[in-house]
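Subject: Handover of a structure and notes on its features

Dear colleague,

Please find the sequence and the structure below. My notes on them follow.

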Amino acid sequence: MHKNSFQRSLSYSWHQLNAKQIPSNLKGKSKSSQEWLLRQLADPYVEKARMMNYRCRSAFKLLEIDDKYKIISPGNIIIDCGAAPGSWTQVAAERCNANGKIDNKPLGAVFSIDLLHISPVTGATILGGMDFTKTESQLRLKKALDGKRVNCVLSDMAPNATGVKMIDQENIINLCYAVLKFALAMSSTRANLLMKVWDNADVPKLEKDLQRFYANVKRVKPRASRGDSSEHFLLARNYKGIDHAANQYLESSSGKS
């Protein structure tokens, strides 16, 4: 969809939502539940997701990032980590042509994994009920890939919140490193990686580690991310390959001796 028409449609959805009657009786619901319901009603991306048949509003985060940075192309092999309920898988299947809807373009494939159940998506291999961080789950994913090298790894994973900020931040960084390790092992050269993080003091180190293996690394926060959220994404493009990164490390180490 053309950018201007998308913006007009989004604006139209916003006016529609404003015209809707806000529920007057939220009795019996907790304060947090009331706030969540009201926020959903006031969110134009929620309505837009329904209109465009995406499973949740997060689809627009990936759409915006891919529109700007072109991280997915027809014929690509994509891994989607933490894929439930499947909105990123839907976008990835469209953009890599795993669903076969782009004529005269190569077919891609999407491999999606999550601890939760994921309903089928055309063109995607679904691995639901599997913890990505477990060795056996990664072995299942490697088996499904059947020797294929990956062009883009996506991760919208986040840990279950404990309510303790320091623990939650550590947990999401650990998830990112698990994804990075798998991406390094399974990606083709010039592949891309996109991971969700929450702002914390460990993110700069993660960025620096990414820069060892990818030519371009930057933080991005799409408009579809809520403004009051600490969420943003680390986008790493053009994977150099393990050998190249190892040579760089050896050269830098020898220079210090």
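Contact here means heavy atoms within 4.5 Å. In that sense, Ile173, Cys176, Tyr177, Leu180 and Leu184 of helix H7 meet Val203, Lys205, Leu206, Asp209, Leu210 and Phe213 of helix H8. Please note that the model is a predicted one.

Two packed helices are described by the angle between their axes and the distance between the axes. For H7 (residues 165-186) and H8 (residues 203-213), the axes come within 11 Å and cross at roughly 5°. Angles under 35 degrees count as roughly parallel, and H7 and H8 are therefore roughly parallel to each other.

As to the protein overall, it contains nine helices and seven strands. It has 257 residues, of which 46% count as buried. Among contacts with a separation of 6 or more, 65% are between residues 24 or more positions apart. The accessible surface is about 14000 Å², and 51% of that belongs to carbon and sulfur atoms.

One residue carries an annotation. An unreviewed UniProt entry gives Lys196 as "active site". Lys196 lies in strand S5 (residues 187-198). Its relative accessible area is 10%; buried means under 20%, so Lys196 is buried. Leaving out residues up to four places away in sequence, Lys196 touches Ser155, Asp156, Met157, Ala158, Ile172, Cys176, Glu231, His232 and Phe233. With one of these residues, Asp156, the side chain of Lys196 forms a polar contact of 3.2 Å. Cys176, another residue touched by Lys196, is also among the H7 residues that meet H8.

The backbone has some further points for your attention. Most residues other than glycine have a negative phi, and most peptide bonds are trans. Ala84 and Pro85, however, are joined by a cis peptide bond with omega of about 5°; Pro85 is in the loop between strand S1 (77-81) and helix H5. Asn97 has a positive phi, near 65°, and is placed in the loop between H5 and S2. At 0% relative accessibility, Asn97 counts as buried. Asp146 likewise has a positive phi, near 55°, in the loop between helix H6 (135-145) and strand S4 (150-155). In contrast to Asn97, which is buried, Asp146 is exposed, with a relative accessible area of 63%.

Finally, Asn99 is found in the loop between helix H5 (87-95) and strand S2 (109-114). Asn99 counts as buried at 18% relative accessibility. Apart from neighbours within four places in sequence, Asn99 is in contact with Ala93, Glu94, Thr122 and Gly123.

With kind regards

How values were computed
Residues numbered from 1 in each chain as written. Predicted model: local features only at pLDDT ≥ 70, side-chain atom pairs only at ≥ 80, totals over all residues. Heavy atoms only, no water. Helix = DSSP H or I, 4+ residues; strand = E, 2+ residues; numbered from the N terminus. Buried < 20%, exposed > 50% of the residue type's maximum accessible area, 1.4 Å probe, protein only. Areas by Shrake-Rupley, 256 points an atom, 1.4 Å probe, with all protein chains shown as cover. UniProt positions renumbered as here; feature names shortened; annotations may be inferred. Polar contact = N/O pair within 3.5 Å; in protein donor to acceptor, adjacent residues only side chain to side chain. Axes fitted to C-alpha atoms, helices over the stretch in contact; angles between N-to-C directions. Parallel < 35°, antiparallel > 145°, perpendicular 65-115°, else oblique.
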